[in-house]
Amino acid sequence: MGATNFDSPADVERFDPRTKDVGGIPVRRTLPRRTHRTVGAWCFADHMGPMVLTGDHQFDVAPHPHIGLQTVTWLRAGEVLHRDSLGTEQPVRAGECNLMTAGWGVSHSEEQPVGERGDVHGLQLWVAQPDTTRNGEPAFEHHAALPKVELEHADATVIVGAFAGTTSPARRDTDHFGAELTVRTGRTTLPLDGSHEHALIVLEGAIALDGVPLADSQLGYVRPGRTAMTIEARDPAVVMLLGGTPFEARIEMFWNYVARTTDEIDAAIASWNADDGRFGTVASPLPRLVSPTRIGAG
Ligand code: MN
């Protein structure tokens, strides 16, 4: 072991999640971070469960607005009913990708289907939209089947973008990707794009990323410049690998809004709370949420 070189921080930065309450259930949030507001265009990551549902309305999230981002809902277990202001009503199940593009404005609810019981486990991710699309039309896509690629001791499902030579059909507006890896015992080399920065989030079990141990919803961050990394597991594990070209702009985030300025956020808050039509209407039995306002906003 050599002496610590303070000019050259570890290749893998490890971060613990913060526990937050979303719709009445605890989630572990690993993005955004003070030092990493974005990883590629990925700007938000909430890990929910695994937990067991025993009654109705345990994870209902009532209608709320978004601007300037895409939501990527990814389940490992359970089912969520998505309804949005485009008229979409789409259940999301394990292994399927639900991708909503907010653009200038969209609203949606995420509901526990009536009678749904048992395990629920998943990840909600947000992707910041670039200037070319962030003020554009909202959109929704659902991908029930996604491409898989086999590595040495892991199988990857490519949810968005391209990984290990395999490309997802899901829309993307920037050069970013997300892949779930089901890791078997052993050591696997991950092929990476050297122009990307990367984050790996542990969903189940424990692994070592280039020798740095990660478990329990922890996130490992890796700067651009790496064309390969190793992942090693003693027991089976599941991780989410996110990457992309460092994002074009510093984003402002508040509640469910991603923008460039606080003025843009204050305008969205005012529109949603006035229900002025910008965010449409969600055909949900749940009452729409009230947007919090920014402290210090006029
Ligand atoms: Mn949402």
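## How to read the model

Residues are numbered from 1 along each chain as its sequence is written, and side-chain values use heavy atoms, with hydrogens and water left out. Because the model is predicted, local features need pLDDT of at least 70 and side-chain atom pairs count only at pLDDT 80 or more, while totals for chains, interfaces and linings use all residues.

## The manganese site

Let's start with the metal. Three histidines coordinate the manganese ion through their NE2 atoms: His64, His66 and His108, at 2.1 to 2.2 Å. Donors here are N, O and S atoms within 2.8 Å of the metal (3.2 Å for Na, K and Ca); water is not among the atoms, so sites may look incomplete.

Along the sequence the donor residues follow the spacing H-x1-H-x41-H. His66 sits in strand S5 (residues 61-66) and His108 in strand S10 (residues 106-111), so this pair ties together parts that are 42 residues apart in sequence. Strands are DSSP runs (E, at least two residues), numbered from the N terminus. Both His66 and His108 are buried, meaning under 20% relative accessible area (1.4 Å probe, protein chains only).

## The largest pocket

The largest pocket has a volume of about 720 Å³. A pocket is an open set of points on a 1 Å grid over the protein atoms alone, where a 1.4 Å probe fits, with protein on both sides within 12 Å along at least five of seven lines; lining residues have an atom within 4 Å of a point. The volume is the space filled by probe spheres set on the points, which are joined across faces, edges and corners.

Of its 32 lining residues, Val22, Arg29, Phe44, Asp46 and Trp126 are the closest to the centre. Strand S5, which holds His66, is among the elements that give two or more residues to this lining.

## The second largest pocket

Next comes a pocket of about 170 Å³. Its lining includes Pro213, Glu232 and Arg234. Strand S20 (206-209) supplies the largest share, 3 residues.

## The nonpolar cores

A nonpolar core is a set of buried Ala, Val, Leu, Ile, Met, Phe, Trp, Tyr and Cys residues joined through side-chain atoms within 4.5 Å. In the largest one, with 33 residues, Trp42, Val72 and Ile159 touch the most other members. Strand S11 gives the most to this core, with 5 residues.

A second, separate core has 26 residues, including Val149, Leu192, Leu200 and Val239.

Methods
Helices (H or I, at least four residues) and strands (E, at least two) are DSSP runs, numbered from the N terminus. Buried means under 20% relative accessible area, exposed over 50%, partly exposed in between (1.4 Å probe, protein chains only).
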